Each structure stands twice: as structure tokens, then as C-alpha cells.
Amino acid sequence: MGYMMNKYVVFIKSDESRVQRKEVVTREIIKDMKQKGFRKHHIEVEAENENDAINQLNKNSNRSEERRVGKE
């Protein structure tokens, strides 16, 4: 059987981001992250681990930057 990918919730704060496995994110964690200045991003990422989730987030972020720059 293939390896099971996990879903990650993304929290962002200016130039910093953090990811948490979706299955462990509770209202308390969201509240704690908000108190630290993070906000929950509307995108969830499927990845093998936290580093992979951050890499995918960065790739997606760079692609949307390129699209925005290309339209200007």
C-alpha cells in the first residue's frame, strides 16, 4: 500500500509561516496562534511531513507571485 499523506493547516504572519497537522488543530491552537500574531490561511496542504508542507506552500506562493507579476 502507498504512503498516506497528511493534511496540514497553514498559519501565516508577515514573512513567517507555520504548519500543523489538521488532525491536531483545535480551537485552542488556533486561538494561541492568533495571540502570537498568526492567522489561519485558507489553503490546506497535503504533504508527507511538515517540511514538505512548507516547501509546497512556498512553491505555490512563488507561482502566484509570478502570475501576479506577469499580469502587471
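A salt bridge is a side-chain nitrogen of Lys or Arg within 4 Å of a carboxyl oxygen of Asp or Glu. The model is predicted: local features need pLDDT of at least 70, side-chain atom pairs count only at pLDDT 80 or more, and totals for chains, interfaces and linings use all residues. Residues are numbered from 1 along each chain as its sequence is written, and side-chain values use heavy atoms, with hydrogens and water left out.

**Exercise 1. Describe the salt bridge of Glu-23 and the exposure of Glu-23 and Arg-21.**

Step 1. Take the pair. The side chain of Glu-23 meets that of Arg-21 at 2.3 Å, N to O.
Step 2. Buried means under 20% relative accessible area, exposed over 50%, partly exposed in between (1.4 Å probe, protein chains only).
Step 3. Apply them. Glu-23 has 61% and is exposed. Arg-21 has 32% and is partly exposed.

**Exercise 2. Find which parts the salt bridge of Lys-22 and Glu-44 ties together.**

Step 1. Take the distance. The two side chains meet at 3.2 Å, N to O.
Step 2. Place the residues. Lys-22 lies in the loop between E2 and helix H1 (27-35), and Glu-44 lies in strand E3, so the pair ties together parts that are 22 residues apart in sequence. Helices (H or I, at least four residues) and strands (E, at least two) are DSSP runs, numbered from the N terminus.
Step 3. Lys-22 is partly exposed at 39%. Glu-44 is partly exposed at 34%.
Step 4. The whole structure holds four salt bridges. One of them joins Lys-36 and Asp-32 at 3.2 Å, N to O.

**Exercise 3. Work out the sheet order and its edges.**

Step 1. List the elements. From the N terminus they run β-β-α-β-α.
Step 2. Pair the strands. Two strands pair if DSSP finds at least two bridges between them. Six bridges join E1 (residues 6-13) to E2, and these strands run antiparallel. Val-9 has Gln-20 in E2 as its bridge partner.
Step 3. Read the order. The open sheet of three strands runs E2-E1-E3, with antiparallel pairing. E2 (16-21) and E3 (39-47) have a single partner strand each, so one side of each lacks a neighbour in the sheet.

**Exercise 4. Decide whether His-41 is buried or exposed, and list its contacts.**

Step 1. Locate His-41. It is in strand E3.
Step 2. Classify. At 15% relative accessible area, His-41 is buried.
Step 3. List contacts (heavy atoms within 4.5 Å). Leaving aside neighbours within four places in sequence, His-41 touches Val-10, Phe-11 and Ile-12.
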